[in-house]
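Take a look at the protein shown here. This report starts with the whole chain, then moves to one strand, its partners and a pocket.

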Amino acid sequence: MKDAFGLPQSLLVLGGTSEIALAVARRLIARRTRTVWLAGRPSPGLAEAAGRLRALGAEVHTVDFDALDPAGHEDALGKVFAEGDVDMVLLAFGTLGDQARDERDPQAAVRVAQTNYTGAVSAGLVCAGALQAQGHGSLVVLSSVAGERARRANFIYGSSKAGLDAFAQGLGDALYGTGVHVMVVRPGFVRTRMTAGLPEAPLATTPEAVATAVELGLRRRSETVWVPGALRVVMSALRHLPRGVFRRLPV
């Protein structure tokens, strides 16, 4: 069960090799979390991530999970919830894609959408139902500021994150009053393997900074968290720019 400050004793990570998710897990283990499930495709990276968290004192399990296999989500994730209550689910899988390539390859673009949106809808609903059945828990969804307004430079990724963000907000409204808390996290440019080699955007941040913001959001039972916080103002301004002006910006 969560403590008085909203921090979980047990954590299920969807996207078990995500650098941001693992930073969150490390921070929560340092506070109170004792049991962690890392869900992802079987790989040396997943096993290594589990080992690093075990070294911090947590009991860590791995579970086979593929965002692109919605038909298998209920079975795979059901096994986790069958082991006992889960205080927090962190939905952290996703892919950036390659905008220039994906515009020329519709199937590659569809894969981005299926991973970031369709897979998240499936897994999110499975976990939401399980959390509601147990009567408590938090579902934390890693969205992105890219979903606030699709940019020419990454509109395929941005549109998938826009869909995810809207889904998570609606799910939070649907679960209001059930004991289940949904929190949407909107980071800007995060320095990870996924963004390596890309031009760094203003207000760039780190996985550790996102983890700090997630902890604070859990303590406050926030519904939306921006990382860094200044992006809330920046994106509000960009969202309301006339389209003719917005398309001329170097973004």
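## The whole protein

Of the protein's 251 residues, 48% count as buried. Here, buried means under 20% relative accessible area. Keep in mind that this is a predicted model.

The secondary structure comes to nine helices and seven strands. The radius of gyration of the protein is 17 Å, close to the 18 Å that the globule rule gives for 251 residues, so the protein is as compact as a globular protein of that length. Along its principal axes, the C-alpha trace spans about 55 × 35 × 35 Å.

## Strand S5: an enclosed strand

Now pick out strand S5, residues 137–142. Six of its six residues are buried, so the strand is largely enclosed by the rest of the structure.

Which residues of S5 lie on one side, and which on the other? Gly137, Leu139 and Val141 are on one side. Ser138, Val140 and Leu142 are on the other. All of these are buried, so both faces of S5 are covered, given that buried means under 20% relative accessible area.

## The partners of S5

S5 pairs with strand S4, which covers residues 88–91. The two are parallel, and four bridges join them. Look for Val89: its bridge partner in S5 is Leu139.

S5 also runs parallel to strand S6, residues 180–187. Six bridges join S5 and S6. Leu139 takes part here too: its bridge partner in S6 is Val182. Between these two strands, the chain passes through helix H6, residues 155–175. This β-α-β crossover from S5 to S6 is right-handed.

## The second largest pocket

Where is there empty space? Rolling a probe the size of a water molecule over the atoms shows where empty space is left. In this protein, the second largest pocket holds about 270 Å³ of space.

How many residues line the second largest pocket? The lining has 16 residues. Nearest the pocket's centre lie Gly172, Tyr176, His181, Val182 and Glu223.

H6 gives the most, with five residues. By class, the lining has six nonpolar, seven polar and three charged residues.

Note on methods: Residues numbered from 1 in each chain as written. Predicted model: local features only at pLDDT ≥ 70, side-chain atom pairs only at ≥ 80, totals over all residues. Heavy atoms only, no water. Buried < 20%, exposed > 50% of the residue type's maximum accessible area, 1.4 Å probe, protein only. Pairing = 2+ DSSP bridges. Right-handed = clockwise from strand over helix to strand, strands pointing away. 1 Å grid on protein atoms, 1.4 Å probe; cavity = no way out; pocket = protein on both sides within 12 Å on 5 of 7 lines; lining within 4 Å. Points joined across faces, edges and corners; volume = space filled by probe spheres on them. Nonpolar A, V, L, I, M, F, W, Y, C, P; charged D, E, K, R; others polar. Rg over C-alpha atoms; globule rule 2.2 N^0.38 Å.
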